Amino acid sequence: MLKIPDIKVPVVEIPFRKNIRLFIKREDLIHPEISGNKYWKLFHNVNNYLAENPQNPLLMTFGGAYSNHIAALSALGKIHNIKTVGIIRGNELEYRWKENPTLRFASENGMHFCFVSREDYRDKDALSEKLKNEFPKALIIPEGGTNLAAVEGIRNMLNSDTQDFDYLCAAVGTGGTVAGISKFAENHQKVIGFKVVDDDSLHSRVSELSGKENFTLIDAHFGGYGKISDENIAFINAFSREFGLQLEPVYTGKMMRKLFQLVEEGYFPQNSKVLAFHTGGLQGIAGANEMLKKQNRAVIEKGVSS
Ligand SMILES: Cc1ncc(COP(=O)(O)O)c(C=O)c1O
């Protein structure tokens with residue numbers, strides 16, 4: 001069973017030029033391998049399942065080659081001695097997955113892979129149905145871990161340290177994290193989700209999962225999901241040099257870049273207290289850097305992350 005970690009993660013101030021106060025909650029420190037929001041999205045999903053299926057548990061989920069969620073689930077499987085299977089987007093990876101640091105890590109943790117074509121992967125409902133028929137006792141966790149149980153788990157990211165902020169910010173992929181923040185935010189708080197995916201269906205998804213309309217979703221995909229521009233790399237490197245905090249290129253780097261832009265544009269009223277959640281995912285930097293090196297481009301420098 002997953003436990004509530006015995007650690008209170010710090011909330012650190014990012015000294016800023018404009019007339020707001022900006023803080024980061026280091027949710028990435030919640031666990032060394034099941035980092036940030038991943039821990040909380042899996043928390044009730046896995047615990048509810050284990051309570052009902054203590055014998056031979058099997059966890060299955062979906063993800064791309066660089067997925068933080070795949071990495072996190074594989075680590076959870078290893079730590080708790082549970083079999084895990086990753087349904088991975090892209091059957092071209094079947095013979096090349098060892099070149100990918102995330103999949104190497106997941107495999108070392110004991111995860112088995114099933115590679116599916118991008119076309120089949122798109123119809124995840126059909127894939128889930130197939131898996132349910134084949135493995136009726138398995139827990140089939142949706143992509144990104146997002147469902148109602150995940151939203152409940154995100155409640156643990158909010159506590160007395162977060163209550164006084166005017167704005168709560170998080171990167172949005174599948175929407176579960178920001179839905180949980182929205183659901184459990186205080187009445188006076190506004191929630192901003194920074195969409196790193198160009199997906200118009202996210203608003204209705206988040207509102208369905210949260211049941212509230214206290215949130216705004218803002219585009220922060222900067223060219224598309226997983227696309228890493230030189231400007232984003234420069235931003236991440238400048239950020240870690242100036243503030244001693246490591247961001248990654250797919251979620252937190254894009255959230256923070258857009259957040260800085262909003263501050264510059266005067267989006268926030270004077271003296272606002274703004275909190276951004278660092279949702280982890282630093283494992284993805286190795287894969288991003290391998291790709292950047294192959295393209296002879298600047299890489300993400302290793303900054304201080306704890
Ligand atoms: C580092 C990081 N930040 C943010 C997110 C977005 O979370 P969600 O998919 O719940 O929107 C993810 C995906 O789980 C992630 O890995």
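This is a predicted model: local features need pLDDT of at least 70, side-chain atom pairs count only at pLDDT 80 or more; totals for chains, interfaces and linings use all residues.

Reader: Why does N81 count as exposed?

Author: Exposed means a relative accessible area over 50%. N81 has 71%, so it counts as exposed. You'll find N81 in the loop between helix 2 (68-80) and strand 4 (83-89).

Reader: What is there to notice about the phi of N81?

Author: The general idea is that most residues other than glycine have a negative phi. Now the case here: N81 is not a glycine, yet its phi is positive, about 55 degrees. N296 also isn't a glycine, and its phi is positive at about 55 degrees. N296 sits in the segment after helix 11 (284-294). With 73% relative accessibility, N296 counts as exposed.

Reader: Is T61 buried or exposed?

Author: Buried means under 20% relative accessible area. T61 has 0% relative accessibility, so it counts as buried. T61 belongs to strand 3 (residues 58-63).

Reader: Which backbone oxygens does the side chain of T61 reach?

Author: For polar contacts, look for a pair of N or O atoms within 3.5 Å. A polar atom of the T61 side chain is 2.7 Å from the backbone oxygen of I141. The T61 side chain also reaches the backbone oxygen of P142, at 3.3 Å. If you skip the neighbours within four places in sequence, the contacts of T61 include H69, I70, L73 and V85.

Reader: How is the chain divided into domains?

Author: There's domain 1 (11-33 + 148-294) and domain 2 (38-145). Notice that domain 1 is written as two stretches of the chain. Taken over C-alpha atoms, the centres of the two domains are 24 Å apart. The contact between them takes 23 residues from domain 1 and 22 residues from domain 2.

Reader: And the ligand? Which residues come nearest to it?

Author: There are 16 residues around the ligand, and G173, T174, G175, T177 and T279 come nearest. Each of the two domains, domain 1 and domain 2, gives at least three residues to this shell. By class, the shell has 3 nonpolar, 11 polar and 2 charged residues.

Reader: Which side chains have a polar atom by the ligand?

Author: N68 has a polar side-chain atom 2.8 Å from a ligand oxygen atom. For T279, a side-chain N or O atom is 2.7 Å from a nitrogen atom of the ligand. As for cover, the ligand taken alone exposes 390 Å², and the protein buries 98% of that.

Reader: Which elements give two or more residues to the shell?

Author: Those are helix 1 (37-52), strand 7 (167-172) and helix 7 (176-184). Helix 1 gives the most, with 3 residues.

Reader: Last one: how far apart are G211 and K183 in sequence and in space?

Author: G211 and K183 are 28 residues apart in sequence, and their C-alpha atoms are 6.7 Å apart in space. G211 lies in the loop between helix 8 (202-210) and strand 9 (215-219). At 63% relative accessibility, G211 counts as exposed.

How values were computed:
Residues are numbered from 1 along each chain as its sequence is written. Side-chain values use heavy atoms; hydrogens and water are left out. A residue is near a molecule or strand if one of its heavy atoms lies within 4 Å of it. A polar contact is a pair of N or O atoms within 3.5 Å; within protein, one must be able to donate a hydrogen and the other to accept it, and residues adjacent in sequence count only if both atoms are side-chain atoms. Accessible areas come from the Shrake-Rupley method with a 1.4 Å probe; for residues, only the protein chains shown count as cover. Helices (H or I, at least four residues) and strands (E, at least two) are DSSP runs, numbered from the N terminus. Ala, Val, Leu, Ile, Met, Phe, Trp, Tyr, Cys and Pro count as nonpolar, Asp, Glu, Lys and Arg as charged, and the others, Gly among them, as polar. Domain bounds come from an automatic or database domain assignment. Buried means under 20% relative accessible area, exposed over 50%, partly exposed in between (1.4 Å probe, protein chains only). Contact means heavy atoms within 4.5 Å.
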